[in-house]
Amino acid sequence: MYSIVADQLTKQFGTFTAVDHISFQVKRGEIFGFLGANGAGKTTAIKMMSGLLLPTSGTATIAGYDILTQSKLIKKHIGYMSQRFSLYNDLTVFENMQLFGTIYKIPRKELKDRIYESLRSLDMEKQSGTLVSSIPLGWKQKLAFATAILHHPDIVFLDEPTSGVDPIVRREFWKLIYQTASQGVTILVTTHYMDEAEYCNRISIMSDGQMKLIGTPSELKEQMGVNSVDEVFVKFVNR
Amino acid sequence: MILKKEFIHIFRDKITLFLVLAMPIALVLLFGFTISSEIRNAKISVLDQANDTQSKQLCKKLSASGYFQIVSYPGSEQEADSDFKLKNIKLALVIPPHFEESLSREHIATLQVINDVSDLNVASILNNYVRAVVHDFENDYNSTADMAQNFTINIKMLYNPTSNSVYMFVPGIITLIMILVTALMTSITLAREKETGTMRMLLITPVSKIHIIIGKVIPYMIISFLSTIIILVISVLVFKMPINGSIPFLLFLCIIFMLTSASFGMLISSVSTSQLDAMMITMMGLFLPTVLLSGFLFPLNSMPLFFQLLANIFPAKWFILAIKDVMIKGSGFMDIWRYMLVLFLMAVVFIAFSIRQLDKRN
């Protein structure tokens, strides 16, 4: 059972091709890494898969829904968290979660339970009434992730979720990702940290809008004859 | 829920809230001056009850002066009155019956001037012009007649009997406040969501774009509406400004204008990428032209043609025309529906354009 099936997905802006005929599948509960230099087309691909942008040609099925015709349904079944911290700074932790929970139409009482449960697992119960602007960045990122999965999405898109965060928080963050994936949620994550790429079940490397490499970290290392994903990436770029 | 969130934003931001509510009061109390300027070809009516050689001579002089353009010769005072609303005349001159006769026999004649003093600036300037033309006429007459004549001009004020300049600036202030609060706040709040990335968060959720826009704009419209009411109350209590039209209709007109202002704000935020951008564009692109080109401080009909045409694309001009008519002349829907239609169409175009931009940018 695949959560994401991309078929010749293409996006052109004028004469520039941002995403060039990419095809891949991601299994349910899989952690799929999306690597590539800045401008390689990762963000555009995510925008198409989350229903924000229509492809120029090709198509994709997300959580069983077609991106061309069912973008409204897709939006209900995905979660999203971006590289830039994107909760409201002048709302409290609870208010932020409540806002997004209400948008996804979670019943009021159940929403409250889910928020407290989620805060408890983050060990942030005491902060529920704190303004988001006054909590540290690492916590904010974890909070943003918790908010993105509050409505129990089938797939979560994480766009550089750990940029600018210290290594300890990054490790904690990945624990959260594993926990979530073990519950059957598919994770698609973009990152610049190659050590993080090792944590993914499978990774792909994009360049000039094309998906150049795809496989498990160990497959790719073997294929390129190197010891780490970092070296895979460097070797790939210099090729 | 976006509505509720937006209200939380507003109430947490105490400084903005204070500014938005205190500014109208400060502005209303500060503005007390008007600026005058030359006027040409003002539309007037002449109620010629004499219809003799001398009265025609006077009319000819008025037209030849370049200040006036006689657009009608009404038959009665009632008809002259209705010309103010229907033909948009600025002044009506009443020449008494037997004008020529009384000049030659009694050496005295009383002319009556009826002014539209809803624009005090224009009215007082026009009165001076009338005096100058009549004086000229007097000199001409005296040079042909053998005895010196004496004219009396009796000026009757219409619509603004106490000639208070507050009548001029209150509609202007209401316009400025509404633009400032509604357009500026709307453009900043939308630009802020874009700047912080929360707009993308919202767009990726199932909530519709129209819902986002409505949720973000309504709180500012409500605040702006409160400001408007504050100004109106101060104007009536402190400056004794009359509201001759119906109050519900006046408030309805304000809501239409707020909608136009808010949509202008959306338009601005759709082309700007940061809050600073949005603020600069609102100030330079909307606020400044509104002050200069709305006819609030400087009479529009004394501006070069280019600026008169340019003024048409700013919502403020239409709103000031409409609100002055409602407050001072007591006009109803049938008199000013054209202005309201212009404002409404502007709002529709701006909103449609900004929703399309929202699609493109994110």
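The model is predicted.

One residue pair can be named here: A:Ala6 has A:Ala60 in E4(A) as its bridge partner.

## The six-stranded sheet of chain A

Chain A also holds an open sheet of 6 strands, in the order E6-E7-E8-E3-E9-E10. Pairing in this sheet is mixed. Strand E6 (78-81) and strand E10 (210-215) of chain A form the edges; each pairs on one side only. On average, neighbouring strands are turned by 15 degrees against each other, direction ignored.

E6(A) pairs with strand E7 (residues 155-159) of chain A in the parallel sense, over 4 bridges. A:Met81 has A:Leu158 in E7(A) as its bridge partner. A helix covers part of this sheet too: helix H6 (residues 167-182) of chain A lies across strand E3 (31-36), E7 and strand E8 (186-190) of chain A. Its direction is about 150 degrees to E8(A).

## Chain A as a whole

Chain A has 9 helices and 10 strands. Of its 239 residues, 41% count as buried. Take the contacts in chain A between residues at least 6 apart in sequence: 67% of them join residues at least 24 apart.

## Nonpolar cores

The largest nonpolar core has 117 residues. A:Ile62, A:Ile187, A:Leu188 and B:Val181 have the most contacts inside it. Helix H7 (residues 166-196) of chain B gives the most to this core, with 15 residues. A second, separate core has 28 residues, among them B:Ile44, B:Leu91, B:Leu103 and B:Leu111.

Leaving aside neighbours within four places in sequence, A:Ile62 is in contact with A:Ile4, A:Met49, A:Ile67, A:Ile74, A:Ile78 and A:Ile155.

## Where the chains meet

The contact takes 18 residues from chain A and 16 residues from chain B. On the chain A side, helix H2 (71-77) and helix H3 (93-103) each supply at least two residues. H3(A) gives the largest share of that side, 5 residues. By type, the chain A side divides into 8 nonpolar, 4 polar and 6 charged residues.

## Confidence

The model scores ipTM 0.81 and pTM 0.69. Chain A averages a pLDDT of 89, and 99% of its residues score at least 70. In chain A, confidence is highest in E8(A), at a mean of 94, and lowest in helix H9 (residues 229-238), at 80.

For chain B, the mean pLDDT is 79, with 86% of residues at 70 or more. Among the elements of chain B, helix H10 (residues 247-271) has the highest mean, 89. Strand E5 (residues 150-158) of chain B has the lowest, 59. Over residues 32-37 of chain B the pLDDT is below 50. Beyond near neighbours in sequence, that stretch has 12 contacts in the model. Where pLDDT is low, the predicted coordinates should not be read in detail.

Technical notes: Residues are numbered from 1 along each chain as its sequence is written. Chains are lettered from A and ligands numbered from 1 in the order in which they are written. This is a predicted model: local features need pLDDT of at least 70, side-chain atom pairs count only at pLDDT 80 or more; totals for chains, interfaces and linings use all residues. Two residues are in contact if their C-beta atoms, placed from the backbone, lie within 7 Å. Ala, Val, Leu, Ile, Met, Phe, Trp, Tyr, Cys and Pro count as nonpolar, Asp, Glu, Lys and Arg as charged, and the others, Gly among them, as polar. A nonpolar core is a set of buried Ala, Val, Leu, Ile, Met, Phe, Trp, Tyr and Cys residues joined through C-beta atoms within 7 Å. A residue is buried if 20 or more other C-beta atoms lie within 10 Å of its own, exposed if 12 or fewer, and partly exposed in between; C-beta atoms are placed from the backbone. Two strands pair if DSSP finds at least two bridges between them. Axes are lines fitted to C-alpha atoms, for helices over the stretch in contact, and angles run from 0 to 180 degrees between N-to-C directions. pLDDT is the predictor's confidence in each residue, from 0 to 100.
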